[in-house]
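Try each task before you read its solution.

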Amino acid sequence: MFRRLVASSVLLAFASLAHAEPPGVDWRLVWADEFDIDGRPDPAKWGFERGFVRNRELQWYQPENAWVEGGNLVIEGRRERKRVDASASHPESRRRRVAEYTSASLKTKGKFTWRYGRMEVRAKIPAEPGMWPAIWTLGERGRWPSNGEVDLMEFYRGMILANAAHRGPDGKIVWDAVRVPIEEFGDGWADDFHTWRMDWNADRMELSVDGRVLNTTDYANLEYRGDVHPFRQPHYVLLNLAIGGINGGDPTDTPMPQRYLVDYVRVYEPAKED
């Protein structure tokens, strides 16, 4: 979800491999939100980003745009003019006094982190122009991108993405990124719920949707800047709907509101033998 304002070298490839289950692994559920109680998202599990945060996106993030209804987390993007707090969050907030859009970004930072295992998220994404929904993680130590970023899912400009990013030893951002045109998944694909999965261990991670592997990142010999390996430290989870910005596209003609629905988030670790 973080993006530099310069062109990055991106691998435009698609791995159409069938998802391979690790042999002999029994999974133990260690954290989940099933979003089965209507109202505000569980404050014991989720915090919020606020204001203009990154990527010159158009939306002002606020908690009011997220709630639980009918078994789903609803993240709603709205076209609404809002005078903003110039002291809030990102320095960009001090340069922009009015927002034309609002949305929400939830995070487990300070409430839940995990290292190694499996995360599954079942969600229905808005795939209209200007929409930029994401499921992603960030390492808890270090500044971006040295802390490591994993984009289990991003959508923008007609593409489904699965990415990993870190800072290389030369200080430059290193992206392992895959983009797949959404039409490759079939007509009406975005009208349904789909299950995204991240399988993560000390040497590699695999990102898939509905059992179809999109990206595999091997980092056993990864070179990085900093004292902490970006993908061998605990990460926290983010769910957000961005609008516009440096990648999101133009939402001007997109009908609003737009809703990003999340059925559940589940995190598993390999079960330990007694």
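Helices (H or I, at least four residues) and strands (E, at least two) are DSSP runs, numbered from the N terminus. You're looking at a predicted model, where local features need pLDDT of at least 70, side-chain atom pairs count only at pLDDT 80 or more, and totals for chains, interfaces and linings use all residues. Residues are numbered from 1 along each chain as its sequence is written, and side-chain values use heavy atoms, with hydrogens and water left out.

**Exercise 1.** Find where Pro257 sits, then work out what kind of peptide bond joins Met256 to Pro257.

Step 1: Go to the loop between helix H1 (245-248) and strand S17 (258-270); Pro257 is there.
Step 2: Check omega between Met256 and Pro257: about 5°, a cis peptide bond.

**Exercise 2.** Locate Phe35 and Arg157, then decide for each: buried or exposed?

Step 1: Keep in mind that most residues other than glycine have a negative phi, and most peptide bonds are trans.
Step 2: Phe35, in the loop between strand S1 (27-33) and strand S2 (47-48), has a positive phi of about 50°.
Step 3: Arg157, in the loop between S10 and strand S11 (159-167), has a positive phi near 50°.
Step 4: Apply the cut-offs: buried is under 20% relative accessible area, exposed over 50% (1.4 Å probe, protein chains only).
Step 5: At 1%, Phe35 is buried; at 57%, Arg157 is exposed.
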